[in-house]
Amino acid sequence: MDKVKLTIPKKSEYISTIRLTSSALSNINSFNVDDIEDIKVIVSEICIFFINNIKENEKPFEVEYIIDNDKFKVKVTDLNKGKVNKKNEIKDEMCILIIESLSDKYELDLDYNKISFEKYMN
């Protein structure tokens with residue numbers, strides 16, 4: 001099992017860096033083009049969800065990639081103290097639906113500002 005951790009400023013202009021890193025790591029692990037695109041979309045949606053719902057941005061995003069034999073797990077944590085309020089969570093339901101539909105498994109832990117997902121290798 002390999003782990004790669006990326007700490008990056010919580011700014012929308014860095015989402016492309018997170019997407020490129022996700023693409024490179026999933027490509028190394030032999031995902032097909034469709035799955036790589038899905039992973040990039042999911043990671044982007046998670047970052048946009050946090051940018052839209054937690055206004056504090058003094059601290060960065062932490063993105064952890066765990067590459068196991070048959071799966072690729074990504075954990076995105078917003079290290080800021082702000083919390084997603086339930087009203088906004090409902091408002092961003094489309095973002096959550098995209099994450100749910102493109103990942104094989106996902107978890108929301110909004111108490112700790114963390115969203116993780118898994119994609120299984122075919």
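Is Lys55 buried or exposed? The model is a predicted one, and in it Lys55 counts as exposed, at 65% relative accessibility. The residue lies in the loop between helix H2 and strand S2, the strand being residues 61-67. Along the chain Lys55 and Val84 are 29 residues apart, and their C-alpha atoms are separated by 9.4 Å.

Two other loops contain a residue with a positive phi. Ser30 is found in the loop between helix H1 (15-28) and H2. Its phi is about 65°, although Ser30 is not a glycine. With a relative accessibility of 66%, Ser30 counts as exposed. Asn113 belongs to the loop between S4 and S5. Phi of Asn113 is near 50°, again a positive value in a residue other than glycine. Asn113, however, is buried, its relative accessible area being 1%.

Helix H2 spans residues 33-53. Ile36 lies in this helix and is buried, with 9% relative accessible area. Which residues is Ile36 in contact with, leaving aside its neighbours within four places in sequence? They are Ser23, Ser26, Asn27 and Phe31. Between the C-alpha atoms of Ile36 and Ile66, which are 30 residues apart along the chain, the separation is 15 Å. Glu37 is also found in helix H2. At a relative accessibility of 36%, Glu37 counts as partly exposed. Glu37 and Leu79 are 42 residues apart in sequence, and 26 Å lies between their C-alpha atoms.

Not counting residues up to four places away in sequence, Leu6 touches Ile18, Thr21, Phe61, Glu62, Val63 and Tyr65. Leu6 and Met121 are 115 residues apart in sequence, and the C-alpha to C-alpha distance between them is 22 Å.

Helix H4 comes next. Within this helix, residues 93-102, the residues Cys95, Ile96 and Ile99 are buried. Viewed down the axis of H4, these buried residues fall within an arc of 95°, so they line one face of the helix. An α-helix has 3.6 residues a turn, so residues three or four places apart point the same way. Met94 and Ser101 are on the other side of H4, and both are exposed. What covers the buried residues of H4? The cover includes helix H2 and strand S4, the strand being residues 105-109.

The cysteines can be taken up from here. How many disulfides does the structure contain? The count comes to zero, where a disulfide requires two cysteine sulfur atoms within 2.5 Å. For Cys47 the closest cysteine sulfur is that of Cys95, at 9.7 Å, which is too far for a bond. Seen from Cys95, the closest cysteine sulfur is in Cys47, again at 9.7 Å and too far for a bond. Cys47 is buried, and its relative accessible area is 0%. Cys95 is buried as well, with a value of 8%.

The last topic is the space inside the protein. Searching the whole structure gives one cavity of 30 Å³ or more. The largest cavity has a volume of about 30 Å³. Which residues line the largest cavity? The lining consists of Lys73, Lys105, Tyr106, Glu107, Ser116, Phe117 and Glu118. At least two residues of this lining are supplied by S4, and at least two by strand S5 (114-120). Sorted by class, the lining of the largest cavity has four charged, two nonpolar and one polar residue.

Asn113, with its positive phi, is found in the loop between S4 and S5.

Key. Residues numbered from 1 in each chain as written. Predicted model: local features only at pLDDT ≥ 70, side-chain atom pairs only at ≥ 80, totals over all residues. Heavy atoms only, no water. Buried < 20%, exposed > 50% of the residue type's maximum accessible area, 1.4 Å probe, protein only. Helix = DSSP H or I, 4+ residues; strand = E, 2+ residues; numbered from the N terminus. Arc of directions from axis to C-beta. Contact = heavy atoms within 4.5 Å. 1 Å grid on protein atoms, 1.4 Å probe; cavity = no way out; pocket = protein on both sides within 12 Å on 5 of 7 lines; lining within 4 Å. Points joined across faces, edges and corners; volume = space filled by probe spheres on them. Nonpolar A, V, L, I, M, F, W, Y, C, P; charged D, E, K, R; others polar.
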